[in-house]
Amino acid sequence: MSAQLALDVRNLSVSFPMRGRDADGRRRRLLAVDDVSFSVARGKTLGIVGESGSGKTTAAMAVARLVPKMAGSIIIDGTDFGALDTEALRRARQRVQIIFQDPYSSLNPRLRAADIVREPLIYAGATSRTEQDRIIDELFEAVGLRPEQKALFPHQFSGGQRQRIGIARALSTRPSLIICDEPVSALDVAVQAQILNLLKSLQAQFGLTYLFISHDLGVVQHMCDDIAVMYMGQFMEYANRESFFAAPRHPYSEALLDAVPTIEVGAQATGGKLVDGAIPDLTKPQTGCRFASRCPHVAAGCEDSVPLLDVWPGTSDHQLACYRAAEFAAS
Ligand SMILES: Nc1ncnc2c1ncn2[C@@H]1O[C@H](COP(=O)(O)OP(=O)(O)OP(=O)(O)O)[C@@H](O)[C@H]1O
Ligand SMILES: [Mg+2]
């Protein structure tokens, strides 16, 4: 395992308990993330893209240990994050920070902006008040907020400015990994590009590592070094940006690319309409390709067993999970 990896996730599965029992009398569970592996090198960005309900947030929350995993390992900067006990986890929490989608609901309305940024430093426990103030000043400048705005409350800021506070807060403990969960999709189109560019320049300035979640391939293309396309709990395709956008190969990726407007024209939360078809019931075991029910290229065999990610011939790391990949390559 490379020491350069800020995050290395192997065989992660996450399920949620549901109402009712299955035929064997066991509690029904919804398998939201099913045996997914991914890694992010230090200073880089991995994008996880997919439609609503594909499991992006659940995978990220499991990485931050905000939802319990059912299986798999989570290594952050060489530490087995998934195995930490409660006390060690409390101390390690500062190593993963999250920038949330909605800056209106994710900031405590009763705290002044400076104290919102201060909070994670207090939890982390190691810094003096003077040191906290110094860090807050530095971060306010870094995210483009003025010093006098430190004393204001969230409602006194615009959406874009609130997201800047959220970003400063996420940076405060110098985390090994920052999870950005749809960080711009609640913002006005005009403000989205400013925040994305801020995230990029902060990454260059501080060497940040991002796990970047989006339903929008245009945003992901702008932000990410590697891209994982997720559908119904599994990765359909996983590749570096150049390889992916030169030739997205999975039928689901093609459908996403056709459906989603680009960042220039301002993608909104819903995206376009994707191919029709039934969506699999994740409370039941999956017997074939999850996309088969909607796939325009579905063929005999696609529904018989689950395709696994496999490296595309002639590439080093462009992986996809599709039985028909070789046929597409030949045509
Ligand atoms: N706490 C929960 N309890 C039960 N089911 C859940 C819970 N959280 C998520 N799910 C289910 O897990 C699946 C994946 O949800 P998740 O929120 O991870 O998707 P997502 O890709 O982030 O979608 P979105 O783009 O809408 O944010 C969905 O079927 C969802 O209903
Ligand atoms: Mg989500």
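A residue counts as near a molecule or strand if its C-beta atom, placed from the backbone, lies within 6 Å of it. This is a predicted model, in which local features need pLDDT of at least 70 and side-chain atom pairs count only at pLDDT 80 or more, while totals for chains, interfaces and linings use all residues. Residues are numbered from 1 along each chain as its sequence is written, and chains are lettered from A and ligands numbered from 1 in the order in which they are written.

**Ligand 1**
- Of the 13 residues around ligand 1, those that come nearest are Phe16, Ala32, Ser52, Thr57 and Thr58.
- Strand S2 (27-41) and helix H1 (56-63) are the elements that give two or more residues to this shell; helices (H or I, at least four residues) and strands (E, at least two) are DSSP runs, numbered from the N terminus.
- H1 provides the largest share, three residues.

**Sheet**
- Eight strands form an open sheet with mixed pairing, in the order S6-S7-S8-S3-S9-S10-S12-S11; two strands pair if DSSP finds at least two bridges between them.
- S6 and S11 (310-311) stand at the edges with a single partner strand each, so one side of each has no neighbour in the sheet.
- S6 (residues 96-99) pairs with S7 (residues 177-181) in the parallel sense over four bridges, and glutamine 97 has isoleucine 178 in S7 as its bridge partner.
- S3 (residues 45-49) and S9 (residues 226-231) run parallel, joined by four bridges; glycine 47 stands opposite isoleucine 227 in S9.

Technical notes
A residue is buried if 20 or more other C-beta atoms lie within 10 Å of its own, exposed if 12 or fewer, and partly exposed in between; C-beta atoms are placed from the backbone.
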